[in-house]
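The following briefing concerns a single protein model and is arranged by topic. Please read it alongside the sequence and coordinates displayed here.

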Amino acid sequence: MNVAYSHCRVAVVVIGRNEGARLKTCLASAINAGLAQTLVYVDSGSSDGSPDYAHSLGCEVVELDMSTPFTAGRARNAGFGRAMARWPDLACVQFIDGDCELLPGWLPAATAVLQDNPKLAVVCGRLRERFPEKSIYNQLCDIEWNTAVGEVKACGGIALFRASAFAASEGFLETLIAGEEPELCVRLRASGWKILRIDEDMALHDAAILRFRQWWKRSQRAGYAFAEGASMHGQPPERHWVRESRSARLWGAAIPAAVAALAVALSPWALLLLLVYPLQVLRIYLRVRHTLPAAGWYATLLVVGKLPEAWGQVRFLLNRMMDKRAALIEYK
């Protein structure tokens, strides 16, 4: 039976690849919300039987042609297209990744807000890390997702979209390997739509970042997204990700290069200028020590993370110079 929250048809689009037990939890959370008959699963080349499992639950299943490069944006667009073809009167679509669990109460609350505010294109809530205690990197993800409540510039990949707004925007840019959600939000806001984060728990996410190498690659992907986003929407008044890109280039490339050049040209004592990094860590720590858990780790990794972010920026520039499409930077 289809369930209409607040008299509007809602579909859930789940994307995944080899998520195993996590996908089962994700699909069950949508079914428990009463959406078993409005559930689309988009698979990107799983070898663990995920499409068959989703079929067994009665889901609409889309299996992507993996001869075309995969991106999350491509998968979500395919899921939205199938949902609209199956349910033409679709009013809202909830996107969620296969490593997440939709929380009870989220969809009724979010759809009510979307219906009451015709200018809203997107409603998002609090995404929480399932296992923040397993690593400092998981804990930092949980901190990252705790953004301000109210009207915001962007959402993440887990959010409820107004179907008409999403369709009019033509969805996510399928060539982006990361940062596709903020980019879409830039275009939605330019068309007069608004994005709102409400004070409501939305979903649990299993980041599963347990090793430094994973965190490094995730930071590199962020740097790539910053550079690409700034190249697309960096002009005033938007200035999309310009500050983040400049920060990555300054702390991750310009300062180390300048200090190295001074050390070679003048004196090895110039290496003492690298003390600016621990001073920056201290400055950030003093700013957040009373408001964030693991403030010391947060400050340290925020500064160290500028190095992989800068490399991500370099990768973007090299790809653009060679007119080469980016490959995914995967950390799991």
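**Helix 3 and its packing**

Helix 3 buries Gly73, Arg74, Ala75, Arg76, Asn77, Gly79, Phe80 and Ala83. The model is predicted. Against these buried residues pack strand 2 (8–16), strand 3, strand 5 (92–97), helix 6 (163–169) and helix 7 (180–190).

- Helix 3 comprises residues 72–86, 15 residues in total.
- From the first C-alpha of helix 3 to its last the reach is 21 Å, close to the 21 Å expected at 1.5 Å a residue.

**Strand 3: Leu39 and Tyr41**

- Strand 3 covers residues 39–43 and contains Tyr41; Leu39 also lies in strand 3.
- Leu39 has a relative accessible area of 1% and is therefore buried, the cut-off for burial being under 20%.
- Beyond four places in sequence, Leu39 touches Val12, Val14, Leu27, Ala30, Ile31, Cys59, Glu60 and Trp87.
- Leu39 and Val10 are 29 residues apart along the chain, and their C-alpha atoms are separated by 9.1 Å.
- Tyr41 has a relative accessible area of 0% and is likewise buried.
- Residues touched by Tyr41, not counting those up to four places away in sequence, include Val14, Ile15, Gly16, Arg17, Leu23 and Ser46. Ser50, Pro51, Ala54, Glu60, Val61 and Val62 are also among them.
- Between Tyr41 and Asp97 the C-alpha to C-alpha distance is 9.6 Å, with a sequence separation of 56 residues.

**Helix 2: Ser50**

- Ser50 belongs to helix 2, which runs over residues 50–56.
- The relative accessibility of Ser50 is 3%, so Ser50 counts as buried.
- A polar contact of 2.6 Å joins the side chain of Ser50 to the side chain of Asp48.
- With neighbours within four places in sequence left aside, Ser50 is in contact with Asn18, Glu19, Gly20, Leu23, Tyr41 and Asp43.

**Helix 8: Arg218**

- Arg218 is placed in helix 8.
- At 18% relative accessibility, Arg218 counts as buried, because the category extends to values under 20%.
- The contacts of Arg218, not counting residues up to four places away in sequence, are with Cys141, Glu144, Trp145, Ile209 and Tyr331.

- Helix 12 has 16 residues and reaches 22 Å from its first C-alpha to its last, close to the 22 Å expected at 1.5 Å a residue.
- Which residues of helix 12 are buried? They are Lys306, Pro308, Glu309, Ala310, Gly312, Gln313, Phe316 and Asn319.
- The cover over the buried residues of helix 12 includes helix 8 (212–233), helix 9 (242–265) and helix 11 (295–304).
- Met321 is found in helix 12, which spans residues 306–321.
- Is Met321 buried or exposed? Met321 is exposed, because its relative accessible area is 68% and the threshold for exposure is over 50%.
- Trp311, Val314, Leu318, Met321 and Met322 make a nonpolar surface patch of about 540 Å².
- An α-helix has 3.6 residues a turn, so residues three or four places apart point the same way.
- Asp323 follows helix 12 and has a positive phi, near 50 degrees.

Definitions and conventions. Residues are numbered from 1 along each chain as its sequence is written. This is a predicted model: local features need pLDDT of at least 70, side-chain atom pairs count only at pLDDT 80 or more; totals for chains, interfaces and linings use all residues. Side-chain values use heavy atoms; hydrogens and water are left out. Patches are made of residues with over 30% relative accessible area and no salt bridge: like charges are joined within 9 Å, nonpolar side chains (Val, Leu, Ile, Met, Phe, Trp, Tyr) within 5 Å. Accessible areas come from the Shrake-Rupley method with a 1.4 Å probe; for residues, only the protein chains shown count as cover. A salt bridge is a side-chain nitrogen of Lys or Arg within 4 Å of a carboxyl oxygen of Asp or Glu. Helices (H or I, at least four residues) and strands (E, at least two) are DSSP runs, numbered from the N terminus. Buried means under 20% relative accessible area, exposed over 50%, partly exposed in between (1.4 Å probe, protein chains only). The expected span of a helix is 1.5 Å times one less than its number of residues. Contact means heavy atoms within 4.5 Å. A polar contact is a pair of N or O atoms within 3.5 Å; within protein, one must be able to donate a hydrogen and the other to accept it, and residues adjacent in sequence count only if both atoms are side-chain atoms.
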